Amino acid sequence: MATGYVYDPFNLKHTYPGHPENHRRLERTWDLLQQAGILASLHRVESMPAPLEAVTGLHRVDYLERLRQLSQQGGGFEDPDTYVVAASYEAALRAVGGLLHLVDQVMAGVVENGFALVRPPGHHARPHRGMGFCLFGNAALAARHAQQAHSVERVLIVDFDVHHGNGTQEMFYGDPSVLFFSIHQYPYYPGTGALEETGEGEGRGYTVNVPFPAGVGSQGYLQAFREVLAPLARRFQPQLILVSAGYDAHWMDPLAAHRVDIQGYAALVGHLVELADELCGGRLVLTLEGGYHLEVLPHAVLATLQVLARNPQEVRDPFGPDPVAERDGAPTIQAVQRLHHLS
Ligand SMILES: [Zn+2]
């Protein structure tokens, strides 16, 4: 069975000159995927605007209305980092809608797994406002959609973007049906994601943060996957795995200070493919979050698709590993294991 992807040129209209989260991220990625010749072996899943009720399940109606009006008036700023232009409201609805459609195709068995190459990103968006370049919580909305439209009870969301997925965490903080696992640089933007943030009420224990200091790289991320994520996932028994796939932990990324390389991303995605095979029939859906180096991002996405399509031997890393040795992530991992009773 093929790997699916979503790509919608409309999403390029959401852009702002000089902003790191601009249309060239996706445009360059699309160019490389075409040059590499990988698209013919993948299954294109149609993009479409999400129905409003899919978005209002986790976002406030008055926020949607405010965003719609802001777009209609030509745009503005949702917060100092987060622009809105005339096309943004529809682009954000299409980012969600394309991802939901990909989830539908995976749940129906049309494709085995997939990657939604969408913008704007989602994991910082809060129920009542956009934040951190994000307008709607794409991954969170996909989790809720899988539960409501496909009777999935337990969804695992893995967030390997270098920033903490505060929006996703907030939406499911008291909800034991969604296990949220985030690796990120800490302390760093957006300020949340401390070890001690583990959920509340019935959701206690279903938020798992791995707050790595600056300097951690591929080995630390992989160790966290093997020694924290894998045992957690086996305990939780998800029926679907969603991934907030940001590539700003790459060592060349201009916005952060982690040291993952392309082969590291390929290994992380390979680990997720294995976990999905073991636990949920291979059902694994990624959605694009950050990644701000315009040459690195396309290659990281290409490597991800090669691994999803079960051709990891095709992965090439034109940038190589960071020449600086990475910092040891083991102390953080051991602290997470103790807190979540994994050791
Ligand atoms: Zn990020």
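**Loop geometry and sheet architecture**

In the predicted model, Pro120 is located in the loop that connects β5 and α5 (138-150). The peptide bond between Arg119 and Pro120 is cis, with omega at about -10°. A cis peptide bond also links Tyr189 to Pro190, with omega at about 5°; Pro190 belongs to the loop between β7 (178-185) and β8.

Positive phi values occur at two non-glycine positions, Ser151 and Arg310. Most residues other than glycine have a negative phi, and most peptide bonds are trans. Ser151, in the loop between α5 and β6, has a phi of about 55°. Ser151 is classed as exposed because 9 C-beta neighbours fall inside 10 Å, the limit for this class being 12 or fewer. The phi of Arg310 is near 65°, and this residue sits in the loop between α9 (296-308) and α10 (330-339). Arg310 has 13 other C-beta atoms within 10 Å and is therefore partly exposed.

The sheet is open and consists of eight strands in the order β2-β1-β5-β10-β9-β6-β7-β8, with parallel pairing. The edge positions are taken by β2 (43-44) and β8 (207-212); each has a single partner strand, so one side of each lacks a neighbour in the sheet. Within the sheet, β6 (residues 155-159) and β9 (residues 240-245) are paired in the parallel sense through five bridges, and Val158 lies opposite Val243 of β9. Helix α8 (residues 262-280) lies across β5 (113-117), β6, β9 and β10 (284-288). The helix runs at about 160° to β9.

Methods. Residues are numbered from 1 along each chain as its sequence is written. This is a predicted model: local features need pLDDT of at least 70, side-chain atom pairs count only at pLDDT 80 or more; totals for chains, interfaces and linings use all residues. Two strands pair if DSSP finds at least two bridges between them. Helices (H or I, at least four residues) and strands (E, at least two) are DSSP runs, numbered from the N terminus. Two residues are in contact if their C-beta atoms, placed from the backbone, lie within 7 Å. Axes are lines fitted to C-alpha atoms, for helices over the stretch in contact, and angles run from 0 to 180 degrees between N-to-C directions. A residue is buried if 20 or more other C-beta atoms lie within 10 Å of its own, exposed if 12 or fewer, and partly exposed in between; C-beta atoms are placed from the backbone.
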